[in-house]
Amino acid sequence: MEQIIRIGALAESPWEEWLSCSETQLFHLREPAPGLFLAESPNVIERALAAGYQPESFLIDDAYYSEQMHMITDAFLDVPVYLAGSAVLNAVRGMHLTRGVLCAMQRREQPADSSELLWQAHRIALLENIMNPTNLGAVFRSAAALGIDAVLMTHGCTDPLYRRAARVSMGTVFQVPWRYCQAMPTAEILDRLRSDFGFRSAAMALCDDSVRIDDPALQDAERLVVVLGTEGEGLAPETIAACDYTVRIPMQHGVDSLNVAAASAVAFWELRRR
């Protein structure tokens with residue numbers, strides 16, 4: 001039987017503590033064990049559950065306890081479901097973005113060895129220091145939609161499981177395999193991808209010696225890593241120098257570049273494996 005608990009205040013549940021924590025605090029909440037993350041909206045929660053993440057608690061606005069959410073919670077009868085009125089949830093900053101549904105989920109350790117993942121991949125993305133969770137989530141959504149096999153990230157990137165990143169991605173952060181790279185310069189990561197797994201690399205950057213994104217050499221590459229940089233500054237010069245190609249998207253009307261999220265969609269489509 002479902003554990004339905006109606007509350008008149010967040011203090012009547014563990015959600016008061018969880019929603020008062022920053023996402024970094026939730027990440028470290030149970031060290032040395034993995035911490036928690038918060039998933040919002042039914043579709044994101046469904047994709048997280050399908051990927052094997054375990055729910056710890058649901059917080060649902062009475063008005064949003066839909067048939068879809070009933071089906072989700074019915075599958076986890078031992079997980080408490082806290083129901084609250086809109087007034088309780090609207091008092092929490094940011095809750096208006098959740099479509100009335102949150103799920104606290106247990107993090108899990110990422111595999112230490114990425115070799116099997118990389119050997120199976122033909123198109124991957126490498127993200128360098130993308131800190132904006134909206135942009136990161138949008139890159140993941142494009143990666144899922146347009147055939148990217150895996151996403152690698154430097155440690156300067158934001159966490160894909162952060163609430164906003166996962167929501168913007170429409171839950172695809174739970175579908176596309178991803179790994180943080182070892183703490184080393186991006187140029188060294190690229191060297192290892194080339195020497196150990198045979199990846200050619202394409203830096204998305206504005207340089208005089210760049211090639212057009214529709215260059216046949218890019219499309220013919222058996223294995224290719226698309227390298228995307230942080231907002232504003234783009235890729236580090238040493239990262240660009242370490243890539244086999246520097247790639248540009250042709251622009252019109254005096255526009256010099258696209259936002260990293262938009263550029264990723266164009267790049268993933270054009271550079272997909274034919």
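Let's start with the cysteines. The sulfur of cysteine 21 lies 16 Å from the closest cysteine sulfur, that of cysteine 103, so the two are too far apart for a bond. A disulfide here means a pair of cysteine sulfur atoms within 2.5 Å. For cysteine 157, the closest cysteine sulfur belongs to cysteine 181, at 8.6 Å, again too far for a bond. Cysteine 157 is buried, at 8% relative accessible area (buried means under 20%, with a 1.4 Å probe and protein chains only). Searching the whole structure gives 0 disulfides.

A word on the source. This is a predicted model, where local features need pLDDT of at least 70, side-chain atom pairs count only at pLDDT 80 or more, and totals for chains, interfaces and linings use all residues. Residues are numbered from 1 along each chain as its sequence is written, and side-chain values use heavy atoms, without hydrogens and water.

Now the sheet. It is open, with 7 parallel strands in the order 8-7-6-11-9-12-10. Strands are DSSP runs of E, at least two residues, and helices are runs of H or I, at least four, both numbered from the N terminus. Pairing takes at least two DSSP bridges between two strands. Which strands stand at the edges? Strand 8 (178-180) and strand 10 (211-212); each has a single partner, so one side of each lacks a neighbour in the sheet.

Strand 9 (residues 200-204) and strand 12 (residues 245-248) run parallel, joined by 3 bridges. Alanine 203 sits opposite threonine 246 of strand 12.

Last, a helix. Helix 9 (residues 186-197) packs on the sheet, touching strands 6, 7, 9 and 11. Contact means heavy atoms within 4.5 Å.

How values were computed
Axes fitted to C-alpha atoms, helices over the stretch in contact; angles between N-to-C directions. Buried < 20%, exposed > 50% of the residue type's maximum accessible area, 1.4 Å probe, protein only.
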